[in-house]
Every structure is written in structure tokens, then in C-alpha cells.
Amino acid sequence: MYRDYSASIIRNIDNYAKRRGHRVDVYGNCSVPSNNPLQVIGYKSILSLPPLHEYDGIILCADTIDQAGLSKELIDKLQTDPDTPPVVCIRAEITGFYSIVPDNRAIMHEVAQYVISKCKSGDIGFVTGRDDLLDSAERRAGFEDAMREAGYEVSEDMIFHGNYWITQGPEQADFFIKPDGTLPEAIICSNDYEAVTLMDELIQRGYSIPGDTMISGIDNITEAGDHIPSLTTIEISEENLATAAMDLLERIMEQENPDLCVNVPGTMVIRESTGDEDPGRNVYQALRELKLSSSHSIEAMREYVLLSTDFEETLTREAAVKVTLRNLKNIPSVKECYLCEYRENDRILSGYINSDGERITEPRTFPSSRLLPEGLLEDVEGVVIYLPIANKNVIYGYAVLLVDTSEPYFINEKMEFIFMQTGQVFNKLDLYQKYFGIADIMDLYIKDSLTGLLNRKGFEKEFNKLFDKNKNKLHNIAIASIDMDSLKYINDTFGHTSGDEAIKEVSKCIYNSLNSKEFVARMGGDEFVAVLILSDVGRIGQFIRSVRKNLKEINEKKKYPFELSASIGTSELTEWNNLLECMSQADKAMYLEKKAKKKNRK
């Protein structure tokens, strides 16, 4: 959905629907992450979600869901169901459906005729669209018409069979580069995605465009104008396509008898890839935008790393829902969002962002015959978007989104990433519950396996609870850094099993010295960090005396052939951001004590 064409179609349908008082539910995926049919079952099931018979009509953008057989399965379903409402296809002619299509043969003839006129010979290559699509055949026919009119023959070795997508750049380049390293005078592509990815691949290999070859496309996607060089193409307005589809459905609802096929015209856009000037082109501005885009891309990658960490630490379904909603709320286009999960006999609204921007995670059950609980989004005009929450071949539910389509990227890669992460967390939790029991897994995740104390992740989780959402302290806090003495001596003299026993015993002595709401974590080896709540002035001294008293009692019992000892340093925490500095100060105080002990032993 976040590709230029798809997003523009949705935006224009939304604008039309709001003007005319219609509601349009949009079902699909941000993208399909795999072509493996077994791994896309979960994503594919979103197309089975809509209650088709309840709609007055259906608009189908079949060429935007062509991965892993999604399009074919949906078309078969719509064609075989006798109760399917009228279906209007955009950019494709499909038996039994109404169609809104460009005159593919005519527009390809126009752009091919122009490119051929700039060539000195018939040494011209052609990239088809998908061989199973009628529009692909029509565009090839338009190319062949123009070649014949120019007196040139078309042979199969001039034709690369493409897929209308960005995945075949290397294969296209290999096909068109001749043994002597030269290229055809021109390469005419069936759409802009193929043309842009071919240009990128050739430029990467050291070729110049239009110096070594001219390239053209069709559709005038955003990248066509932004690319260096900009791409000669034909624009088929998404506004015209969307408006024609909505007009056609209205006429059908009014019981008119419109033609099965409506042709939408195209407009030639001549640019640099065919050696022409681009009058509105500012190359320096384009370079600045590319640099800015690259910078944003790096920042987005960093954001995805942080998002992954955020989801990795969710240990319950409720926590996963909260993380999902929190991150969706930060996307400017999202006005409302509802997360729904499937259950055996009904559905559950796990959490949502309402029209006031509030995040609510109080589960609500509702019948599986509905898409949302009663009263939600019932009077909305315009577009409502449905996306799957899935993990490969398992679907857990779906998200219902009310978005502001005036935002430039109202559906984007970040949104896709969030929902993929949600599906992965649900999958992980289901596996944990099935094989281990969720409580045990949570303990393994946040607790040290040797001592049963918190580990570093557990420490962070508990530490964050001591602050409000603005990172203000809820209590006066001190950090205690505790290091067991002589662990190396114990390991070397009595063995590592005795060393482990010593660590466990020291951990008990520390843990038994804590008050309510205080906690301690084993940070690794013989290092511990405790967080103390300073409810009274003498709490730090009280804790230190208690730890030493507990150690002394163990030693007096002669339980081990060695004595237990620990060095302790403390520091009071002023604010959340000073945690590392505070821990460093506590470490320094602890090492001073350890150093003094070694000096006294000498």
C-alpha cells in the first residue's frame, strides 16, 4: 500500500468518498514479505476478512497484490461466488468484472513512437510486463505497432519478459548488454518501476543514460521525476482512475447500464532519459533531496533497531499491544487504530487509539460476524484501512486504521514493521506458552539462572518502574555496587562448583538485606547492583550493615572451607539520566573498599 501508485489510488478514493458521503473499507498489506506461498498464508488471509456480500460494490486493484498468488486466489473467489456485488477493476480487464483501464496499446504506441523517432536504427529493446496480464500484451502490441510503422522488425531476442516490478534490474541489464559491452540505442519499458530499476543497475555498472542508451517507461510514478536522469514516461492519473471507478459504481447503484470497460487517457511526459531537457528540473535541488532522503533512511534504520528492542522486551500480549499502540500513535497519519485478535468462537479488541488520541488496553469481546465492536467507526465517511497482524503462515488478527490521507506517507514502511513485530511477538509468546509455560519463560528472560536474582534486563525493567512517564523519581534512590571478594581464589583452589555456591550464598545475603520495593541484580560474574529506597536517612548504612551481618553469620557456621566477603560502594541518584554516572560513582567507592581490604591483608 505504501508504494506511490497504491497510496495515490487510496488517497483519491478517500477524497471522492468524503465528498459523496461514501464509506470505503480497504483491505490489503503494506507489502508481502515473501513469495513463498507457505509463508504468506497469514498475510493472504486479510483478503478473506471482508464480508463481501454486505458491500454495494468492490474496487479491485489486482496488479498491486500479485505476489504469491494473492491476486489469482481473490479473483477466483470473486468470480465463483454468485452473490458477489459488482466488481470494478482498476488497470486490468478481468472476465465478469467492470474495468477502468488506460488504452494500453495506444499509450505504449505513443511513447514508443517518440523514442523510435530519436533513434537511427531499429536497435531497440523492450521490457514486457507480466506475461499473464492482458495489459502487458496490449503494451507489447503498441510497441510492435510503432516499430512496424517505422519499418523495423521485432524479434524475440529484443524482448525481455519482465514482471512490472523492481526486482529484475540485474537480469534486465545482463539481457541488454551485448558481448562487446554496448547497449541498444533505446530500451522501452512497460512501466516505470522496470525502467527506474534498469537505469539504476546500468548506472551502477558504469553506463550513462541517455549517453549509452535511452530509456522510457509508463505510469509517471514519483521516482520517475525525482530520478537522475529523470524518466520519459506517460502519466495515467490516479485521480482519473479512482474517480472513474467510483463514478462507475455509483452509476451501477443507480441501476444504469454502463459499459463494461472505461478507457482512461494518458499524457506524455518527456524528460532527460531520452536526451530531452526537463524545464522544471533543478538537479541541485534533486541532489539535496536525495541526500536528505539518504539521511532520513539512515535515521529510519536506527529507528527500526530501537523498535526491535522495544518489541523484544515485551513478555505478555498486553505489553505487545501497548508497545504497538504507543509506536502507532507516533505516526502522524494515524488518527484512530483498533487491534483485533481472532479467537475460537469470537473476536477480541485487544487495544485501541480512540478519536481523542487516548490509548486504551481494556480488552472487549465482540462477535466474529463483526469487524469491530458495535459503535466503533460506524458513521465514518471515507477510507478505513484493514491490515493483517500475522507471522508467516499464522494470522493472529488485524488492525483497523483511520488515517489522514493528506499526509505524504499515510501508509509507510514503519507501519508495516510495527505490525510484523507484533505478529512475531504473538508467535513467540504462543510458542513459549505451548512448550514452556509463559511464567517460566518470563523468569528466564529477566532473571539470572544461577542465583534467581534479576539479570541486566530485569534490572532495567524494575528500575523504570521507579519513575513516572516524564522520568521523574517516585522515590529517593541510592545505587549500591557490590562485588564479591576472592572469587578467583575460591575457583582456583576449590573449583568452579564451589565458586558458584559462593556466588549464590552472597546473592542470598544481599537479597535478604532488601526492604520492600528494593531489588538487586546480578550484572555478571561476581558483580551485583542493588537499588535502595531511601525512606529514612540511615537506610544506606542499614543495608551495608545487614549484608555484612548476613555474611558473618554464614562464615561463623563454617559451612564452607573459605570465608565469604563482599565490598560495597554506594551513591545517591539525582535523576534518571544520571544512572550511569551514579553507578560509576558507586563502583569507585566499592573499589576503594576492596583496595583497602587488600592493603590491610598485607
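A cavity here is a set of points, on a 1 Å grid over the protein atoms alone, where a 1.4 Å probe fits but cannot get out; lining residues have an atom within 4 Å of a point. Grid points are joined across faces, edges and corners, and a volume is the space filled by probe spheres set on the points.

Before I use that, the ground rules. This is a predicted model, with local features needing pLDDT of at least 70 and side-chain atom pairs counting only at pLDDT 80 or more, while totals for chains, interfaces and linings use all residues. Residues are numbered from 1 along each chain as its sequence is written, and side-chain values use heavy atoms, with hydrogens and water left out.

Cavities, then. How many of 30 Å³ or more does a search of the whole structure find? Three. The largest cavity holds about 90 Å³ of space. Its lining is Asn29, Cys30, Ser31, Tyr43, Leu387, Pro388, Ala390, Glu416, Phe419 and Met420. Two elements give two or more residues to that lining: strand 16 (382-391) and helix 12 (413-435). Helices (H or I, at least four residues) and strands (E, at least two) are DSSP runs, numbered from the N terminus.

What about residue class in that lining? Seven nonpolar, two polar, one charged. For the classes, Ala, Val, Leu, Ile, Met, Phe, Trp, Tyr, Cys and Pro count as nonpolar, Asp, Glu, Lys and Arg as charged, and the others, Gly among them, as polar.

The second largest cavity has a volume of about 40 Å³. Tyr5, Arg91, Asp219, Ile221, Ile236, Glu238 and Leu241 line this one. By class that lining has four nonpolar, no polar and three charged residues.

Leu70 lies in helix 3 (residues 70-80). Leu70 is buried, at 1% relative accessible area. Buried means under 20%, exposed over 50%, partly exposed in between, with a 1.4 Å probe and protein chains only. Leaving out residues up to four places away in sequence, Leu70 touches Asn29, Val32, Val40, Lys44, Leu47 and Ile65. Contact means heavy atoms within 4.5 Å. Leu70 and Ile41 are 29 residues apart in sequence, and their C-alpha atoms are 9.4 Å apart in space.

Next, the sheets. Two strands pair if DSSP finds at least two bridges between them. Two bridges join strand 5 (residues 124-127) to strand 6 in the parallel sense. Phe126 has Ile159 of strand 6 as its bridge partner.

Four strands form an open sheet in the order 19-20-18-21.

Look at strand 18 (residues 477-484). Eight bridges join strand 18 to strand 21. Ala478 has Glu572 as its partner there, and Ile482 has Ile568. Seven bridges join strand 18 to strand 20, again antiparallel. Ile479 stands opposite Val531 of strand 20.

Helix 17 (residues 539-556) lies across strand 18, strand 20 (527-533) and strand 21, at about 165 degrees to strand 21.

Last, a helix pair. Helix 15 (residues 487-494) packs with helix 16 (residues 496-511) at about 145 degrees, with axes 7 Å apart. Helix 15 brings Leu487, Ile490, Asn491 and Phe494 to the contact; helix 16 brings His496, Ser498, Gly499, Ala502 and Ile503. By class, the contact has five nonpolar, four polar and no charged residues.

Note on methods. Axes are lines fitted to C-alpha atoms, for helices over the stretch in contact, and angles run from 0 to 180 degrees between N-to-C directions. On a 1 Å grid over the protein atoms alone, a cavity is a set of points where a 1.4 Å probe fits but cannot get out, and a pocket is an open set with protein on both sides within 12 Å along at least five of seven lines; lining residues have an atom within 4 Å of a point.
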